[in-house]
Amino acid sequence: MKSDHSHDIGAKSWLASANDAGTPFPLQNLPFGVFRRAGTNEAFRGGVALGDQVIDLAALSEAGVFSGLAADAARACAQPALNAFFDMGKHAWRALRHALFALFGSGGPQDAAKRCLVPQASVEYGLPARIGDYTDFYTSIDHARNIVKLLRPDGAVSPNFQWMPVAYHGRVSSIGLSGQKVRRPCGQRMAAGAHVPDVGPCERLDYELELGIFIGVGNPQGERIPVASAEDHVFGLCLLNDWSARDIQAWESTPLGPFLAKSFATTLSPWIVTMDALAPYRTSWTRPAEDPQPLPYLSSAVLEESGALDIRLEVALETAMHRRDALPPTRLSRTSFRHQYWTLAQMVAHHTVAGCNLRSGDLLGSGTISGPSRDEAGALIELTQAGHAPIHLPTGETRAFLEDGDAVVMSGWCERPGYARIGFGENRAQVLPAKWD
Ligand code: MN
């Protein structure tokens, strides 16, 4: 889609906090999530972030301020999961976005709209959808090259990487939200030079910086989604931490791929930034001329013109010492999703080419997002050269991999001259000690 009036940088809200320069949630963003007032037994329902408030879509639907498709869409959002809203498709998503933009934009506060605001500081979040299936991709060539250099110094990135977005099937039951505490996993490891594995707490716990991709509209089994219309099936994106136990992963992954090294936890940020909100930050997608060019089912003119998204991403680390000394988290890396070797549309088209049916609320992980330079790496294993070059923190500590008590803090935003700066908010989760013996 192209940008429209809802991306106008001059648009202001009557809600003052939505106009603050630092807010991730100005009127131009309007990301969707699921929430309730913390510490209550209220039902979870859909909400939209605006400034420091949540627009309660159940209350808004009840108030009856919208009509037509926007009213139907708001009603679908009154449920504890957004699957039914996702399934309504892009016209309904856009109708609700435009209705919210009008109601909270110019024209001044309306009492009915004011009564639907709940302070973000007072809420707790739920998973935005009932996630049926979760697929994690492997689509950053810089990540792939870094990993191969570390793990197989004489090897090369596997030949299929440049021909398809590679993926494996992930685990849904252990998906949680920002704020969660993640127990250090235990499992089998084969020490260097050993011939027999041992079992115990992971000693090489890592994160992976990724985007979570929520499927809006699925496809019937046996019918593939063409790459040119693939993004019509995507509702929006959040920040995803694909926790990884590197020692467990190295020993278990041949020949079928990661299992226990990944299935113990995945953390999502609570707000889904819609593809509509991301329209102004699109950029051209190119494949180096010397590389294999995508097969026709992974190629389209639209893709080359605007298939990539310039989403800026950052990972920071907060140790127990940071908290004790009231220091801000230390930034470990910063990159952009625009470097990714495969796009969202190609992931969706490839996922369905064999006939697999995607469903509303399914989650895809973009794959680790690492950029071309060393400080753009989206995982500790790359930043620390598999632990050989530990990171020095301002607390005086060093880190090769994550220690108990460490919190990983991911953030993301988009900016472009002439357009508003919109954010994803935060994805924060902390490591708990293993339970063993
Ligand atoms: Mn991953």
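Residues are numbered from 1 along each chain as its sequence is written. In this predicted model, local features need pLDDT of at least 70 and side-chain atom pairs count only at pLDDT 80 or more, while totals for chains, interfaces and linings use all residues, and side-chain values use heavy atoms, with hydrogens and water left out.

**Exercise 1.** Work out why the pair Phe85 and Phe235 is edge-to-face.

*Solution.* 
- Start with the rule: rings of Phe, Tyr and Trp (its six-membered ring) pair if their centres lie within 6.5 Å; planes under 30 degrees apart count as stacked, over 60 as edge-to-face and the rest as tilted.
- Next, apply the rule: the ring centres of Phe85 and Phe235 are 5.5 Å apart and the planes stand at 75 degrees, so the pair is edge-to-face.
- Now place the two residues: Phe85 is in helix H3 (residues 83-87) and Phe235 in strand E14 (residues 234-241), 150 residues apart. Helices (H or I, at least four residues) and strands (E, at least two) are DSSP runs, numbered from the N terminus.
- Finally, look around: Phe32, Phe85, Phe86, Trp93, Phe214 and Phe235 form one aromatic cluster.

**Exercise 2.** Decide whether helix H11 (residues 344-352) is largely enclosed, and find what its buried residues pack against.

*Solution.* 
- Buried means under 20% relative accessible area, exposed over 50%, and partly exposed in between (1.4 Å probe, protein chains only).
- Nine of the nine residues of H11 are buried, so the helix is largely enclosed by the rest of the structure. Among them are Met347, His350 and His351.
- Contact means heavy atoms within 4.5 Å. The packing partners of these buried residues include strand E6 (134-138), E14 and helix H9 (301-306).

**Exercise 3.** Find which residues the UniProt annotation "binding site" covers, and describe Asp242 and Lys262.

*Solution.* 
- The annotation, from an unreviewed entry, covers Asp242, Lys262 and Thr266. UniProt positions are given in the numbering used here, feature names are shortened, and annotations may be inferred rather than shown by experiment.
- Asp242 lies in the loop between E14 and strand E15 (244-245), and counts as buried at 1% relative accessibility.
- Lys262 belongs to helix H8 (residues 260-263) and is buried too, with a relative accessible area of 7%.

Definitions and conventions. Polar contact = N/O pair within 3.5 Å; in protein donor to acceptor, adjacent residues only side chain to side chain.
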